[in-house]
Amino acid sequence: MADALALGRRHLGLTWPNPSVGALVVAPGPEGLILGRGMTQSGGRPHGEPVALAAAGAAARGATLYVTLEPCSHWGRTPPCADAIIAAGIARVVSALEDPDPRVAGTGHARLRAAGIDVTTGLLAAEAERTHRGHILRVREGRPAVTVKLAMTADGFAGVAGERLRITGPVANGHVHLMRAHADAIMVGVGTILADDPALTVRLPGMEAYSPVRVVIDTMLRTPPGAVVAETAGLYPTWIIAGRDAPVAAERALVARGVEVMRLGSTGTVDLHAAMRLLATRGVTRVFCEGGPRLADALAAAGLVDELVTVSGPRPLRALSARPGIPALGPHLAGLARGGIVKTVATWDAPARDASDCDDD
Ligand code: AOF
Ligand code: ZN
């Protein structure tokens, strides 16, 4: 099951609105010979099980299927996975978790049992819940799972107002690109666009297809039409979530670049709960928020942070700027971190040798 989970995690970020499910067909007997591997494919179909069954072919008859989420029992673009498993002659199914999707919700396991298959559930359930957290939250709460990532200096600052700092080096940046790849959407506040003009794409060799949708929270549509995220909206989707009172002319200029502007009814700042609901409606299951610190803390205040990742640079702020810094963790995020509710992953690496080693984001 651990192998099936690892397999499924490889397609996180590609399969939304569907979960990324891993499946292994294993021969009966103590050797545990793997006959077929599968995971949910880009865009969410085919599901993981038929891919693994096809790889195993006729050898699947009498074999065991390990699967990280309950096989579906509903008709989508293809027949239910439960039917494919029965037709392949699988003798035993080991499943990590019941699928909370109301179209499934136990009926997949029941269908397999009714066909005489030996079904075990709950193996590595806690780990499967972590892997499928985006899917579970979208189904149960109508919102995506949210990871907040903040880069910080060795002494805990996110930067200084109006100045662009290179805080982290190439190893940490590679780590961040991998985390981006496994998200469905990258979110930033407009302040980050104005300060850094980031690209917010995945620039790892061979992983370009993993670039997520870019989402900017921008109440008054201050994103310049010349910003990188607007200029490249034709290549990588850019969605800007704005308030009701944002100027129409700004919207037109952004839409002309291929940006999708979504207005929420609220006046004042964007209602982050409403923004998350909107993203879930659009199929987003995993959001990776890269700041800035104000948006990150507002998400924490709204109870919308599931995981906090801090990426530490090697230098203290005074080595980077003489100006007063903005603390990376605002009061609400600091509270979450202290309470241990949120996992903190620290990455530290050597300073970049020169600017070309640094990430432009
Ligand atoms: C599986 N195996 O690999 C995945 C499943 O829109 P559809 O028809 O593709 O169905 C999507 C639902 O199927 C999704 O909400 C989730 O409940 C389940 N995903 N099920 O048996 C898979 N990805
Ligand atoms: Zn299925």
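**Conventions.** I number residues from 1 along each chain as its sequence is written, with chains lettered from A and ligands numbered from 1 in the order in which they are written. Because the model is predicted, local features need pLDDT of at least 70 and side-chain atom pairs count only at pLDDT 80 or more, whereas totals for chains, interfaces and linings use all residues.

**Annotated span.** I looked up the UniProt record, an unreviewed entry, and found the annotation "domain: CMP/dCMP-type deaminase" over residues 1-119; such annotations may be inferred rather than shown by experiment. The end C-alpha atoms of this span lie 14 Å apart, and 27% of the span is helix and 18% strand (DSSP runs numbered from the N terminus, H or I of at least four residues for helices, E of at least two for strands).

I traced an open, mixed sheet of five strands in the order 2-1-3-4-5, where two strands pair if DSSP finds at least two bridges between them. Its edges are strand 2 (34-39) and strand 5 (118-121), each of which pairs on one side only. The twist from one strand to the next averages 15°, with axes fitted to C-alpha atoms (for helices over the stretch in contact) and angles taken from 0 to 180 degrees between N-to-C directions. Strand 1 (residues 22-26) pairs with strand 3 (residues 64-67) in the antiparallel sense over four bridges, and V26 stands opposite T64 of strand 3.

**Helix on the sheet.** I then followed helix 1 (residues 2-9), which lies across strand 1, strand 2 and strand 3 and runs at about 140° to strand 1; contact here requires C-beta atoms, placed from the backbone, within 7 Å.

**Ligand 1.** Which residues come nearest to ligand 1? Of the 17 residues around ligand 1, they are V21, H47, C72, G76 and D101, a residue being near if its C-beta atom, placed from the backbone, lies within 6 Å. I sorted the shell into seven nonpolar, six polar and four charged residues (Ala, Val, Leu, Ile, Met, Phe, Trp, Tyr, Cys and Pro nonpolar; Asp, Glu, Lys and Arg charged; the others, Gly among them, polar).

I checked A172, which lies in helix 7 (residues 170-181), and it is buried because 22 other C-beta atoms lie within 10 Å (buried means 20 or more, exposed 12 or fewer, partly exposed in between, with C-beta atoms placed from the backbone). The buried residues of helix 12 (residues 293-301) are P293, L295, A296, D297, L299 and A300, and just after helix 12, G303 takes a positive phi of about 70°.

Note on methods:
Contact = placed C-beta atoms within 7 Å.
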